[in-house]
Amino acid sequence: MAIHPILIYGEPVLHRRAEKITDFDDDLRTLIAEMHETLDASNGVGLAAPQIGVGKRIFVFNADDDSGVRRRGTFINPVLVASKVPDTRPDPDDETEGCLSVPSLDFPLKRADRVTVNGVDEFGQTVSLTAEGWFARIMQHEYDHLQGTLYVDRLDKRWSKKWKKEQAANGYNEPGQSWMPGVDPDPFGH
């Protein structure tokens with residue numbers, strides 16, 4: 001197996017809709033195993049294929065749900081149905097997100113509190129998950145990657161302005177940047 005570099009905001013594959021998976025073969029299963037290995041090395045909670053330069057509709061996750069149960073899994077060609085996103089301002093203490101492709105930064109973002117994700121796993125078997133709270137946020141975040149959207153693209157006006165300043169200061173608008181989990185310093189200090 002191999003750990004892949006994680007691409008940073010500005011890389012074109014991160015900003016395109018990912019392609020549907022049609023072949024469920026050993027190459028796909030190897031890719032998914034490597035995605036899990038990369039996720040583990042990154043200390044993240046989710047990883048989408050575009051984040052490692054693969055424009056395919058796959059994401060993996062490994063995180064505790066709101067009841068404290070550890071969930072590890074894979075979604076291929078997922079469909080996400082979400083409850084309404086409240087139209088109140090995000091709480092900077094409780095509704096902050098980060099992203100492996102936007103290293104060392106986090107910003108408040110309002111998300112739906114409940115989602116259901118349906119898709120298939122690496123063997124083509126149907127998988128479904130209903131999540132609430134923090135775990136629902138993870139599902140929405142990873143699903144967005146498959147649409148070519150990063151969480152910073154969804155920030156409200158106040159936080160978007162702060163993101164644009166950080167983006168310019170960190171050079172997160174140029175293609176060709178990445179970081180290597182397990183080699184480079186953990187950008188979130190885990």
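This is a predicted model: local features need pLDDT of at least 70, side-chain atom pairs count only at pLDDT 80 or more; totals for chains, interfaces and linings use all residues.

Modeller: Happy to! Residues are numbered from 1 along each chain as its sequence is written, and side-chain values use heavy atoms, with hydrogens and water left out.

Biologist: Is N43 buried, partly exposed or exposed, and why?

Modeller: Buried means under 20% relative accessible area, exposed means over 50%, and partly exposed is in between, with a 1.4 Å probe and protein chains only. N43 has a relative accessibility of 40%, which is why N43 counts as partly exposed.

Biologist: How far apart are the end C-alpha atoms of α1?

Modeller: The expected span of a helix is 1.5 Å times one less than its number of residues. For the 17 residues of α1 that expectation agrees with the model, because the end C-alpha atoms are apart by 24 Å.

Biologist: Which residue caps the N-terminal end of α1?

Modeller: The cap reaches the backbone nitrogen of D27, with a side-chain oxygen 3.3 Å away. A polar contact is a pair of N or O atoms within 3.5 Å; within protein, one must be able to donate a hydrogen and the other to accept it, and residues adjacent in sequence count only if both atoms are side-chain atoms. The capping residue is D25.

Biologist: Which strands do the buried residues of α1 pack against?

Modeller: An α-helix has 3.6 residues a turn, so residues three or four places apart point the same way. The buried residues of α1 include L28, L31, I32, M35 and L39. Counting contact as heavy atoms within 4.5 Å, these buried residues pack against β1 (6-7), β2, β3 (58-64), β4 and β9 (178-179).

Biologist: Which helix gives the largest share of the lining of the largest pocket?

Modeller: A pocket is found on a 1 Å grid over the protein atoms alone, as an open set of points where a 1.4 Å probe fits, with protein on both sides within 12 Å along at least five of seven lines; lining residues have an atom within 4 Å of a point. Here 19 residues line the largest pocket, with G44, V45, G98, C99 and W134 nearest its centre. Both β5 (96-99) and α2 (133-147) supply at least two residues of that lining. The largest share, six residues, comes from α2.

Biologist: How many residues of α2 are buried?

Modeller: α2 reaches 21 Å from its first C-alpha to its last, close to the 21 Å expected. Just after α2, G148 takes a positive phi of about 85 degrees. α2 is mostly covered, and of its 15 residues the number buried is 13.

Biologist: Which side chain makes a polar contact with the side chain of N118?

Modeller: N118 is in strand β7 (residues 114-120), and N118 counts as partly exposed because its relative accessibility is 34%. Leaving out residues up to four places away in sequence, N118 touches F75, N77, P78, V79, V127 and S128. The polar contact, at 2.6 Å, is with the side chain of S128.

Biologist: What is the relative accessible area of N77?

Modeller: N77 is found in strand β4 (residues 70-82). Phi of N77 is near 50 degrees, a positive value in a residue other than glycine. N77 counts as buried because its relative accessible area is 17%.

Biologist: Which side chain makes a polar contact with the side chain of E95?

Modeller: E95 is in the loop between β4 and β5, and E95 counts as buried because its relative accessibility is 15%. The side chain of E95 reaches the backbone nitrogen of D91 at 2.6 Å. The side-chain partner of E95, at 2.9 Å, is K110.

Technical notes
Helices (H or I, at least four residues) and strands (E, at least two) are DSSP runs, numbered from the N terminus.
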